[in-house]
Amino acid sequence: SVEFWNENEDTDRALTPFGMDEESDWVLYAPYSTYDQSLIHNPVSFGIAKMIGALYPESKIVVVFQNTDGGKVTSSDLEGVYIFMEKIERNRMGMDFKKMDNTGTTGGWWINVDRLSSIPVGQPSTTLQPNFHAAGPNGILEILDDQNGDSSPQSEDDISAFYHSFLNFASPSGFEIQSAQRSQIQTDVRAMDSAIWANNYKDHIDPESWARHYAVNNFARNQDSIVLSTHLYRESSSAKIKMGPVWDFDRAYTWRGSATSSPLDNSNRDWHQQITQEVDFLQTLQDVWQEARRTSATNSDLQTLVDDSATGLRSDQITASGLSFS
């Protein structure tokens with residue numbers, strides 16, 4: 001995380017780096033070279049999301065120098081290739097909604113499917129990390145709220161069913177959430193969960209939002225899709241639940257083998273194991289994908305996106321990122 005401060009270091013300072021929208025909070029991401037050997041999985045995937053109409057963070061490929069000795073910045077200070085990008089927050093990247101009031105009756109909410117939320121700085125390691133699950137296919141809620149995270153396989157079918165994934169409160173934050181807010185969010189999500197398994201998803205989710213989000217992850221063959229780094233939000237009590245923005249594509253593309261080996265990649269995960277069986281949802285997914293491929297995401301568009309992302313990267317920058325250059 002990167003946060004810009006004023007000169008006195010006591011107040012956030014909103015800036016417009018690389019012409020992006022004015023904000024103070026950002027992410028400076030080092031590509032994980034073990035999986036992302038091109039170093040550009042994330043910006044390319046964000047570009048594809050833009051082509052398809054999914055929510056995504058603005059990003060810029062940069063080269064980082066770290067001056068650790070206080071002298072002049074030289075080539076020996078080169079750290080490698082990084083991605084400077086937006087941080088997922090309320091009212092950024094199109095995820096726009098008013099803050100939920102303390103009674104949980106007005107405003108919207110946002111949760112993520114992920115590992116447990118990080119404990120805020122300054123709080124003890126024993127601090128409760130609020131989380132919950134939904135009942136899943138059998139309709140029986142078997143995992144209690146606020147479970148500690150572990151890495152053991154999960155025998156229950158509760159959602160998220162992945163072994164170290166939880167439903168975490170992002171807005172309102174789980175560390176500040178009021179009981180009425182929490183109750184409303186869990187009621188909404190569990191009602192959606194029940195409806196999905198009863199083949200009644202249209203009353204609860206925005207299918208096009210879910211289809212666009214899935215199309216990006218499916219095309220990229222993203223290993224973590226749906227059960228990690230996945231975000232859902234509801235703009236108001238009368239709105240349907242949407243999915244996005246997309247996030248985290250290090251373990252994707254050819255790292256996972258042939259691009260054609262699975263036409264519906266990871267479609268057996270969480271709620272997608274049901275909605276990808278629904279003819280109407282598959283039609284929405286097909287319509288979204290085919291329209292993009294005809295217009296904004298043609299072969300030429302995709303090739304240009306990759307070429308533009310790689311343009312300017314030099315051998316010394318790539319080597320500094322831990323990869324050999326050829």
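**Glutamine 154**

I started with glutamine 154, which sits in the loop between strand 6 (131–132) and strand 7 (166–171). Helices and strands here are DSSP runs, with H or I of at least four residues for helices and E of at least two for strands, numbered from the N terminus. This is a predicted model, so I kept its limits in view: local features need pLDDT of at least 70, side-chain atom pairs count only at pLDDT 80 or more, and totals for chains, interfaces and linings use all residues. Residues are numbered from 1 along each chain as its sequence is written, and side-chain values use heavy atoms, with hydrogens and water left out.

Next I listed the contacts of glutamine 154 (heavy atoms within 4.5 Å). Setting aside neighbours within four places in sequence, I found His133, Ile143, Ser160, Ala161, Phe162 and Tyr163.

Which backbone oxygens lie by a polar atom of the side chain of glutamine 154? I noted that of glutamate 156 at 3.2 Å and that of aspartate 158 at 3.0 Å. I also checked arginine 115, which is 39 residues from glutamine 154 along the chain; their C-alpha atoms are separated by 14 Å.

**Glutamine 186**

I moved on to glutamine 186, in helix 2. Buried or exposed? I read a relative accessible area of 8% for glutamine 186, so it is buried. The cut-offs are under 20% for buried, over 50% for exposed and partly exposed in between, with a 1.4 Å probe and protein chains only.

The side chain of glutamine 186 makes a polar contact with the side chain of aspartate 145, at 3.3 Å. A polar contact is a pair of N or O atoms within 3.5 Å; within protein, one must be able to donate a hydrogen and the other to accept it, and residues adjacent in sequence count only if both atoms are side-chain atoms. Not counting residues up to four places away in sequence, I saw glutamine 186 touch Phe132, Asp145 and Phe169.

**Backbone checks**

I then looked at two proline peptide bonds. The bond from serine 171 to proline 172 is cis, with omega near 0°. Proline 172 lies in the loop between strand 7 and helix 2 (179–197). The bond from glycine 244 to proline 245 is also cis, with omega near 0°. I placed proline 245 in the loop between strand 9 (242–243) and helix 4 (272–275).

Where is tyrosine 253? I found it in the loop between strand 9 and helix 4. Tyrosine 253 is not a glycine, yet has a positive phi of about 55°. It is buried, at 17% relative accessible area.

Asparagine 199, again not a glycine, has a positive phi of about 60°. I placed asparagine 199 in the loop between helix 2 and helix 3. At 47% relative accessibility, asparagine 199 counts as partly exposed.

**Helix 1 with helix 3**

Two packed helices are described by the angle between their axes and the distance between the axes. For helix 1 (residues 41–52) and helix 3 (residues 207–220), I noted about 140° and 10 Å. Axes are lines fitted to C-alpha atoms, for helices over the stretch in contact, and angles run from 0 to 180 degrees between N-to-C directions.

Helix 1 and helix 3 are therefore oblique to each other. Angles under 35 degrees count as roughly parallel, over 145 as roughly antiparallel, 65 to 115 as roughly perpendicular and the rest as oblique.

From helix 1, I listed Ser45, Ile48, Ala49 and Ile52; from helix 3, Arg212, Ala215, Val216, Phe219 and Ala220. By class, that contact has seven nonpolar, one polar and one charged residues. Nonpolar covers Ala, Val, Leu, Ile, Met, Phe, Trp, Tyr, Cys and Pro; charged covers Asp, Glu, Lys and Arg; the others, Gly among them, are polar.

**Helix 1 with helix 6**

Helix 1 and helix 6 (residues 299–310) pack at about 145°, with axes 10 Å apart. I saw Val44, Gly47, Ile48 and Met51 of helix 1 meet Asp301, Leu302, Leu305, Val306 and Ser309 of helix 6. These divide into six nonpolar, two polar and one charged.

Last, I checked leucine 302, in helix 6. Leucine 302 is buried, with a relative accessible area of 14%. Leaving aside neighbours within four places in sequence, leucine 302 is in contact with Ile48, Met51, Phe219, Arg293 and Ala297. Its C-alpha atom is separated by 8.8 Å from that of glycine 47, 255 residues apart along the chain.
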